[in-house]
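Hi,

Here's the structure I said I'd pass along. Have a look at it first, and then read on for what turned up.

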Amino acid sequence: MKITFLGAAGEVTGSQHLIETRHRRILLDCGMFQGPRAASRRKNEELRCRPKDLDGVVLSHAHIDHCGRVPMLYREGFRGNVFCTDATADIAELMLLDSARIQQEDAKYLSRKLKPGHPPVEPLYSEQHVEQFFRHVQPLLFDEWHELADDVRLRFHPAGHILGSAISELEIEDDDGDIKRIVFTGDLGRRDMPLLVDPSTVQGCDVLITESTYGSRVHPPTSDVKEHLADIIGETVRRHGRVIIPAFSLGRTQQIVYFLNELFNENVLPRIPMYVDSPLATRLTRIFRRYDHTLDEDVQVTLEDDEDVFGFETLTYIRTQQESIALNKQEGPFVVISASGMCENGRVVHHLKHAVADERNAILLMGYQAPHTLGRQIAERRPYVRIFDREFPLRARVEQIEGLSAHADVNDFKWWFEAMSADSHIGQAFLVHGEPKSAEALAQILRDLTDEEPIIPDRNETFEV
C-alpha cells in the first residue's frame with residue numbers, strides 16, 4: 001500500500017492524502033492552499049491525484065483548507081462518491097458555494113488588471129461544479145462501520161474540532177491480502193471546548209496520519225474567555241462606545257454567541273443591542289441549531305430551559321447590506337460580530353473603518369492574526385492602520401483573546417495518543433498539517449508510543465506501508 005502526501009505536508013493548509021493499493025485509490029480530504037495569492041494559486045491549480053481514477057474521497061470536515069478543492073475533482077472528471085458526516089455535508093455546501101462566488105469575483109477583479117491580450121483569470125470551479133459535487137455526497141453516521149466496497153470499510157468518530165468534524169478509521173485490504181487499519185485525525189479538537197463534544201479516542205492502528213498544528217503549544221483555558229468578554233463589553237458600554245468583534249463565520253461566531261447567550265441568561269450583559277453581521281455566519285448558525293442535539297452536555301442542560309442557545313432578546317442577525325450600513329450611523333453603545341476573523345474582507349472592514357479612530361470603542365480580536373493582514377496591524381496597535389487604501393488613526397481599545405482555538409494542543413495530543421496505544425499499538429505515524437517546529441515536537445511524544453520512527457513527510461512524497 002502506498003500513501004502520497006499531496007498537501008498540508010510541512011504546512012497547515014491544503015490537506016490532501018492519497019491511499020493506493022492495486023485495486024483502490026482513496027483520497028483523504030481535498031483542501032485548498034491558503035496564503036499569499038500568487039503562491040497559493042499555483043498550488044491550488046495542480047491536482048496530482050488523477051481525479052478520474054479515484055474510487056472515493058473521505059472528508060474529515062468542512063473547513064476550506066480540508067474540502068475547498070473537492071469541486072475541482074468533478075471538474076476534472078471524478079464521478080465517485082464523497083463520504084462525510086451529515087453536518088459536514090450541510091456546512092460544506094454553504095462554504096463551497098461561498099468559495100465559488102468569491103473566486104468568481106476575484107477572477108473578474110484580477111482579469112481587469114491584466115495586460116491586453118493576456119487570457120482572463122479563471123476561477124478554480126463554479127457553483128455548478130459545487131452542485132455536481134453534492135449529487136455524489138454520501139453522508140454517514142458516526143461510530144458505525146460502513147462497507148464502501150468488498151475490500152474497504154470506514155468508520156467516523158467525533159473529532160471535536162467543528163460541528164460534524166470526524167476522525168476517519170479505514171480498514172483496507174492491501175496488495176498482499178492483509179487488512180491495514182489507517183486512522184486519519186483530520187483536525188483534532190480540544191477537550192472541554194464550548195459547544196462541541198470532546199474528541200473520541202480510537203484504538204490502535206497500523207498507520208496514523210495526524211495533524212500537528214499546535215504540537216508545541218499549550219492553549220490558555222477557555223474558562224477565561226467568557227469573563228474577559230463580559231469585562232470588555234461592560235467597560236466599553238460605560239464609555240458609551242461600541243465593540244467590534246471580527247470572527248470567522250464557521251465555529252468562532254457560534255462560540256461567541258453561545259457565550260453571550262450564557263451571559264445574558266446570567267443577567268451579566270448590559271441590555272444593549274448586539275448584532276451578528278455576516279450572511280454566511282447567519283446561514284451556518286441555522287445548521288448549528290439543526291444539530292444542537294449533537295452538541296455537548298452543557299448545551300443539552302441549557303436547552304432544557306432555553307430553546308435557542310444562539311439567540312437572546314437583544315441579539316439580532318443582520319440580513320441585508322442596507323441594515324449593515326445603518327449600523328455605522330447608529331447612536332449609542334452596541335456590539336457587532338462580523339466576518340472575517342483577520343479583518344481582510346467582508347462587512348467587518350466597514351465597521352472597523354467607522355470605529356478605529358474613536359477611543360470610546362473597543363476592537364476584540366479572537367485569536368491569531370496572520371502577518372500582512374489588517375487584523376495583525378490592529379493587534380500590533382500601530383498608530384495608524386490602512387483600511388480601503390486610507391490611513392486611519394488607531395485610538396480604539398484593542399484586546400485579543402487566545403482561548404478559543406479549536407485545535408488540540410500538545411496536552412490534548414499526548415492524552416489522545418496515549419489512549420490510542422494503551423491496549424493496542426500504533427505502527428507507523430505520519431505528522432501533517434503543521435509547521436516543522438510543531439510537527440517535530442509532536443514526533444518526540446510519538447517516538448515512545450509507535451513501532452516505527454514517526455515521519456514528517458514533504459509535499460508530494462510517497463511512502464510504502
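Let's start with Asn 460, which is partly exposed at a relative accessible area of 27% (buried is under 20%, exposed is over 50% and partly exposed is in between, using a 1.4 Å probe and protein chains only). Asn 460 isn't a glycine, yet its phi is positive, about 75 degrees. You'll find Asn 460 in the loop between helix 14 (436-446) and strand 21 (461-464); helices (H or I, at least four residues) and strands (E, at least two) are DSSP runs numbered from the N terminus.

Before going further: this is a predicted model, with local features needing pLDDT of at least 70 and side-chain atom pairs counting only at pLDDT 80 or more, while totals for chains, interfaces and linings use all residues. Residues are numbered from 1 along each chain as its sequence is written, and side-chain values use heavy atoms, leaving out hydrogens and water.

Asp 192 is another non-glycine with a positive phi, about 60 degrees. Asp 192 sits in the loop between strand 10 (179-184) and strand 11 (205-211), and counts as exposed at 61% relative accessibility.

There's also a cis peptide bond between Ala 339 and Ser 340, with omega about 15 degrees. Most peptide bonds are trans, and most residues other than glycine have a negative phi.

Cheers
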